[in-house]
Amino acid sequence: GLLIFFFFYAVKGIKKKIIVLFFICVLVGLALLLINKYLPSNIYERLFEFSDYEGGSERTSIWLNNISLLNTNPVYYIFGAGWGAYWGYNGKYAVLHNTFLAMLSDCGIVGIILFFYPIVKSFIYLSKNKNMLPLLLVVSAFIPCFFLEALNKRIFWTPIMILFLYYTYYKNVSRNIQGGELNEKK
């Protein structure tokens, strides 16, 4: 999905976008035909049998357990229940498998706002200046974070650092250029 978005962003003109969309559809169709024809049946069933995905390694019960912890005190939603408070709550010794729920549990809405404010500010600035690479990196890193706990993993922090590097660079460049495309927008 992100690759398709990148192609649509990079390609100028409606006719060229239609041609790119056509070729993407053809490539996806060919890939599906090849997968259907050459992929062994046991691997095919494992990849495309969605009835086994319902529990998601008991993620839903772990998430509901964390929400019940937050419901014990309304202040927990605002300031959090403390670092790792969900571990062992109601006898569940498992990670949350959701970085953002873990952040909500650890530091509450206040902590989430403080954490995401500079990210959102950088994201908005770079999107206005049409710098899509760091934005695509951050989005592609945050999507899996809904299904795994990545607060101490490189896949979470590296795109954020790249985003801030781009933001700092373009902010400084825009201050040094008089007239032109990169002027600072207020």
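The exercises below, each with a worked solution, concern a predicted model of a protein chain.

Residues are numbered from 1 along each chain as its sequence is written. Because the model is predicted, local features need pLDDT of at least 70 and side-chain atom pairs count only at pLDDT 80 or more, while totals for chains, interfaces and linings use all residues; side-chain values use heavy atoms, with hydrogens and water left out.

**Exercise 1. The chain as a whole**

Task: State how many helices and strands the protein chain has, and what share of its residues is buried.

Solution. 
- Step 1. Helices (H or I, at least four residues) and strands (E, at least two) are taken as DSSP runs, numbered from the N terminus.
- Step 2. By this rule the protein chain has 8 helices and 0 strands, and its pattern along the sequence reads α-α-α-α-α-α-α-α.
- Step 3. A residue is buried under 20% relative accessible area, exposed over 50%, and partly exposed in between (1.4 Å probe, protein chains only). Of the 186 residues in the protein chain, 28% are buried.
- Step 4. A contact means heavy atoms within 4.5 Å. Among contacts with a separation of 6 or more, 60% join residues 24 or more positions apart.

**Exercise 2. Helix H4**

Task: Explain why the length of H4 agrees with expectation, and determine which of its residues are buried.

Solution. 
- Step 1. The expected span of a helix is 1.5 Å times one less than its number of residues.
- Step 2. Helix H4 (residues 59–71) has 13 residues and should therefore span 18 Å; its end C-alpha atoms are 18 Å apart, in agreement.
- Step 3. The buried residues of H4 are Arg59, Ile62, Asn65, Asn66, Leu69 and Leu70. These residues cover an arc of only 145° around the axis, so they lie on the same side of H4; the arc is that of the directions from the helix axis to the C-beta atoms.
- Step 4. The buried residues of H4 pack against helix H5 (74–79) and helix H6 (99–128).
- Step 5. Asn66, in helix H4, counts as buried because its relative accessibility is 0%. Leaving aside neighbours within four places in sequence, Asn66 is in contact with Tyr86, Leu96, Leu101 and Ser105.

**Exercise 3. Residues in loops**

Task: Describe the phi values of Asn90 and His97, and the surroundings of Phe147.

Solution. 
- Step 1. Asn90 is in the loop between H5 and H6. The phi of Asn90 is near 55°, a positive value in a residue other than glycine. With 56% relative accessibility, Asn90 counts as exposed.
- Step 2. His97 is in the loop between H5 and H6, and has a positive phi of about 60° although it is not a glycine.
- Step 3. Phe147 lies in the loop between helix H7 (132–142) and helix H8 (154–176). At 48% relative accessibility, Phe147 counts as partly exposed.
- Step 4. Apart from neighbours within four places in sequence, Phe147 is in contact with Arg59, Trp63 and His97. Phe147 and Phe100 are 47 residues apart in sequence, and their C-alpha atoms are 9.4 Å apart in space.

**Exercise 4. The cavity**

Task: Identify the residues that line the largest cavity.

Solution. 
- Step 1. On a 1 Å grid over the protein atoms alone, a cavity is a set of points where a 1.4 Å probe fits but cannot get out, and lining residues have an atom within 4 Å of a point.
- Step 2. The structure holds 1 cavity of 30 Å³ or more, and the space in the largest cavity is about 30 Å³.
- Step 3. The lining of the largest cavity consists of Ile62, Asn65, Tyr86, Lys92, Ala94 and Leu96.

Key
1 Å grid on protein atoms, 1.4 Å probe; cavity = no way out; pocket = protein on both sides within 12 Å on 5 of 7 lines; lining within 4 Å. Points joined across faces, edges and corners; volume = space filled by probe spheres on them.
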